[in-house]
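The exercises below are to be worked with the sequence and the coordinates open. Each task is followed by a stepwise solution.

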Amino acid sequence: MDAPSSTGAGAVAPVAFAIGIAVSLLGLIVDPFVITPIGGAIAIWAGFLWARRGARPAASDVAPPQAADVGERYTRSRALERVTLALGGLIGLGVALPAAGFAILPSFFAQRRRPVDLGPISAFPEGEFVVARFLTDPQAGEVSRRAAYVRNNGLVGDVPSFTIMSSRCTHVGCPTQPNGPVFAQQQKVQRTSGGDVGLVPTQPSGFGCPCHGSQFDTEGNRTAGPAPRALDRYEFSIVNGRLSLGRLFSVSRVDGTGAQARIHSFALTGDGEPVTGPESWLYPLSPPS
C-alpha cells in the first residue's frame, strides 16, 4: 500500500536536491546564517530520500521468485542515480565552501581598528569644521593616512559633543572634498603617539565626491548622486582632555544637527552597500571595523 508514496517521494528527490543546492548558494549572498542552512537542510533531506530510493528496489525491479537467481542486483538506472547524487554533492561542496569562506571568514579574522589620538580638544574650535589627517596604522606609514571631518558641537551637559565623519564617499570609497574654502595655510600639526596629525580649518556648505558626483550635507546626509547612504562616522572618546577616534560605523541618515542630531546608525558596511531597504539583503556579511 505504501509503495506509491515511496516512489512518488523518490521521484521528487532529485528536483528537491537541486533546489536545496540552489537555495544554499543564494543564501551565501542574501543571508549565510539563515537561508544557507535552510537550503542545506532541503538538500540533505532530498539526498536521503534519493539514496533511500536507490537502495530500495521498486516493485517493477523485483524479479519473480523463480527468476531471482538470475536478476540484476542493481539496475542501471539506480546506479546512475547514485553516481549523479555523489557528483551533485561534490559539485555543491566545491562551489559552496569557497564562497562561504570568502563571505564569512573575513568577519572572524579581520583586525580591529586601534584608537587614534587626534590631539587636545582645545585644538578644535567650537562650531567649526576641521579636516583631520591621521595615520590609522603608524607601522604601515603614509599608506594608512586617512582624513575625517571633525566639528566641535560644544557641551551637552558636562560632556563635549563632536561630529566626526569619514571623508570617504560611500559609493566606491573616493575621498570627498569640502564644498567651501579650505584654509591650508592655517594648518596645525599635533604631535601624537600615533604620528603627526594635521588639522586644517574649513568652512563647508557640504561635501562632494569628485569621482561620480555624490553630494552630502554638513551632517553627512546624501543629497545627490549614486552614494547609497550617508557618510560613515567615527565613534570617539575623550581621554585626559584629548580626542580619540574609535571604530567606524555606517549611517543611513541623520535627523537634526550638531549635538541634537539623531543618528540612524548601523554596523560598518562596505562601499556601495545600502544599510536599509531590500537592497541591503543582497550583500554578504562585512568584517568588523
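**Exercise 1.** Which residues does V150 contact, leaving aside its neighbours within four places in sequence?

*Solution.* The model is a predicted one.
Step 1. Apart from neighbours within four places, V150 is in contact with L118, F124, E128, F129, V130, A132, F162, T163, I164 and L243.

**Exercise 2.** Is V130 buried or exposed, and what does V130 touch?

*Solution.* Step 1. Locate V130 in strand β2, residues 129–135.
Step 1. The relative accessible area of V130 is 5%; the cut-off for buried is under 20%, so V130 is buried.
Step 2. Not counting residues up to four places away, V130 touches F124, P125, A148, Y149, V150, L199, V200, P201 and T202.
Step 3. As a check on distance along the chain, V130 and G198 are 68 residues apart in sequence, with 9.5 Å between their C-alpha atoms.

**Exercise 3.** Where does C169 lie, and which residues is C169 in contact with beyond four places in sequence?

*Solution.* Step 1. C169 is in the loop between β4 and β5 (177–178).
Step 1. C169 counts as buried because its relative accessibility is 1%.
Step 2. Its contacts beyond four places are C174, T176, C209, S214, F216, A227, L231 and D271.
Step 3. R229 is 60 residues from C169 along the chain, and their C-alpha atoms are separated by 9.3 Å.

**Exercise 4.** Which residues make the nonpolar surface patch of about 410 Å²?

*Solution.* Step 1. The patch is made by V83, L87, L90 and I91.
Step 1. I91 belongs to helix α3, residues 76–104.
Step 2. With a relative accessible area of 56%, I91 is exposed. In soluble globular proteins, nonpolar side chains tend to be buried together.

**Exercise 5.** What share of the chain's 289 residues is buried?

*Solution.* Step 1. Buried residues make up 36% of the 289.
Step 1. The chain's accessible surface is about 16,300 Å², with 61% belonging to carbon and sulfur atoms.
Step 2. The chain has four helices and 13 strands.

Methods
Residues are numbered from 1 along each chain as its sequence is written. This is a predicted model: local features need pLDDT of at least 70, side-chain atom pairs count only at pLDDT 80 or more; totals for chains, interfaces and linings use all residues. Side-chain values use heavy atoms; hydrogens and water are left out. Helices (H or I, at least four residues) and strands (E, at least two) are DSSP runs, numbered from the N terminus. Buried means under 20% relative accessible area, exposed over 50%, partly exposed in between (1.4 Å probe, protein chains only). Contact means heavy atoms within 4.5 Å. Patches are made of residues with over 30% relative accessible area and no salt bridge: like charges are joined within 9 Å, nonpolar side chains (Val, Leu, Ile, Met, Phe, Trp, Tyr) within 5 Å. Accessible areas come from the Shrake-Rupley method with a 1.4 Å probe; for residues, only the protein chains shown count as cover. A salt bridge is a side-chain nitrogen of Lys or Arg within 4 Å of a carboxyl oxygen of Asp or Glu.
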